[in-house]
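Please keep the sequence and the 3D view open while you read this note. Take the points in order and find each residue as it comes up.

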Amino acid sequence: MRGGIGGFLAGSAAGVLLAAAVAHAEPPGAAAAANAAGAALFSAGRAAEATAKFSEALALDPGLAEARHNLGVALATLGRDELQAGRFDDARVHLERAVELAPREAPYLLLLAALHYQRGDLYESRQFVDRALESAPGLAGALELSGDLWYQEGSLERARHAWESGLGAAGARDHALRMKLERLERESAADEGFGRDVSRHFTVQFDGPVPAEVARAALRLLEAAYNRLWREFGRPPQHDVPVILYSRTLFDQITRSPGWVAGSYDGKIRVPVGGLESAADAELLGPILAHELTHAFVRANAPGRLPLWFEEGLAQHFQGVTFEAARQSLRSEGIDFANLEDVSAALRGGARVGAAYAAAALAVGEMVRMDGLWLPRRTLEHVAAGRGFTEAFRDAAGISLAEFEERWAELDR
Ligand SMILES: [Zn+2]
């Protein structure tokens with residue numbers, strides 16, 4: 001399982017951008033005319049064309065402050081929309097240009113910080129969010145993102161401070177902020193009795209009843225899975241991956257996950273380990289840890305949105321679910337899925353979830369059978385480069401996703 005991140009984009013950042021109005025009185029001349037034409041295009045919602053006009057105005061008269069300001073607004077607007085659509089490379093080009101034009105414009109800096117956050121580049125994200133807060137200390141979106149970053153790093157106190165500072169000014173995001181604070185409250189209450197351990201790529205926290213041997217064995221298993229995933233994917237997560245080992249009841253309280261979830265990934269790997277006593281017992285965790293760590297690698301490699309069947313199928317591949325095992329369990333479930341989208345829907349929970357996991361594993365198993373791991377990996381690379389999944393799949397596989405779905409549907413007959 002994995003949860004989404006970010007989400008404040010729709011609120012504060014967009015609002016502040018719109019507040020940066022474009023209307024200015026025009027001085028006479030060709031540059032001013034181009035600037036006015038750009039403003040009209042922008043007001044009509046045609047930001048890309050507006051950008052060209054503002055650039056033209058600026059080329060004609062590099063001293064025209066309105067054109068410079070407006071070009072920044074248009075570029076940031078383009079970048080924001082691309083970011084929301086998951087077109088990260090385009091977004092980055094436009095947002096970096098906007099920041100170049102207006103290095104202290106907090107909303108632009110925040111958008112760039114959000115972009116890096118969504119890509120999993122937490123270090124870069126921190127640089128830009130700090131710059132945004134220097135310019136605008138009360139900017140709610142920046143405070144929320146700053147809190148998200150502290151939270152990812154396991155600094156719960158700093159996360160709390162940032163999120164609390166954002167409350168009140170966050171508008172539509174206020175509710176989301178309160179939810180984050182509530183969750184953090186539950187986690188810090190549990191945190192007090194926690195032990196800690198670290199290894200090369202992980203920090204592990206575990207609550208009192210978890211034996212230290214179990215935690216240490218978990219770290220060893222995680223490092224082994226990490227090396228394998230690194231070989232297969234190329235790009236590892238950019239920072240230590242936080243892992244929390246819970247006794248089952250604690251886990252349920254904190255994540256409010258339905259009972260069937262073995263582990264979860266939401267930027268941290270969370271695994272319930274209630275009842276495990278020794279290092280030998282802990283070997284049982286190997287497949288779950290590899291599954292959740294796959295989600296971390298997928299996010300590091302393709303931060304955009306992916307179909308759930310693809311993500312869960314890949315995670316199960318690395319968990320060790322074979323093509324044959326997936327086919328057998330799907331047959332024994334006796335459930336038919338209309339298509340892969342139907343599988344993704346069923347993966348979100350409900351009666352068909354077990355069958356949906358098997359169907360997802362079967363789909364990725366078939367991809368691997370067709371062309372080895374190269375095929376899912378290449379698909380991820382295309383998505384990372386900004387293509388939609390359907391197109392990315394076709395370019396990687398040489399057949400359309402629809403054709404592939406037909407093959408997959410025949411498999412459990
Ligand atoms: Zn999963």
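1. **What kind of model.** This is a predicted model. Its average pLDDT is 84, and 87% of the residues score at least 70. Keep those values in mind when you look at any one part.

2. Which helix has the lowest mean pLDDT among the elements of the protein? It is helix α1, residues 12-19, with a mean of 37. The highest mean belongs to helix α20, residues 389-397, at 96. Over residues 1-21 the pLDDT stays under 50. The model still has 47 contacts beyond four places in sequence for that stretch. Where pLDDT is low, the predicted coordinates should not be read in detail.

3. **The overall make-up.** The secondary structure comes to 21 helices and five strands. The protein has 413 residues, and 46% of them count as buried. Now take the contacts between residues at least 6 apart in sequence. Of these, 62% join residues at least 24 apart.

4. **Helix α19.** This helix covers residues 374-384. Its buried residues are Leu375, Pro376, Thr379, Leu380 and Val383. After α19 comes Gly386, which has a positive phi near 110°.

5. **Helix α7.** Helix α7 has 14 residues, 122-135. At 1.5 Å a residue it should span 20 Å. Its end C-alpha atoms are 20 Å apart, which agrees. Ser125, Phe128, Val129, Arg131, Ala132 and Leu133 are the buried residues of α7. Note that Arg131 is on that list. Among the elements that cover these residues are α6 (106-119) and α8 (140-152).

6. **Strand β3 and its partners.** Strand β3 runs over residues 241-246. Five of its six residues are buried, so the strand is largely enclosed by the rest of the structure. Strand β2, residues 202-206, runs parallel to β3, and five bridges join the two. In that pairing, Thr203 stands opposite Pro242. Strand β5, residues 269-272, also pairs with β3 in the parallel sense, over four bridges. There, Val243 has Ile269 as its bridge partner.

7. Strand β4, residues 264-265, runs antiparallel to β5, with two bridges between them. Tyr265 stands opposite Ile269. Together β4 and β5 form a hairpin, with three residues between the strands. Gly267 sits in the turn and has a positive phi of about 105°.

8. **Ala67.** This residue lies in helix α4, residues 65-84. Is Ala67 buried or exposed? It has 27 other C-beta atoms within 10 Å, and 20 or more are needed to count as buried, so Ala67 is buried. Leaving aside neighbours within four places in sequence, its contacts are Ala31, Asn35, Phe54, Ala57 and Leu58. Look at Ala57 in particular. It is 10 residues from Ala67 along the chain, and their C-alpha atoms are separated by 6.2 Å.

9. **Ala356.** This residue lies in helix α18, residues 353-371. Ala356 is buried, because 26 other C-beta atoms lie within 10 Å. Beyond its neighbours within four places in sequence, Ala356 is in contact with Val343, Ala346 and Leu347. How far apart in space are Ala356 and Phe337? They are 8.1 Å apart, C-alpha to C-alpha, and 19 residues apart in sequence.

Key: Residues numbered from 1 in each chain as written. Predicted model: local features only at pLDDT ≥ 70, side-chain atom pairs only at ≥ 80, totals over all residues. Buried ≥ 20, exposed ≤ 12 C-beta atoms within 10 Å, placed from the backbone. Contact = placed C-beta atoms within 7 Å. pLDDT = per-residue confidence, 0-100. Expected span 1.5 Å × (residues − 1). Pairing = 2+ DSSP bridges.
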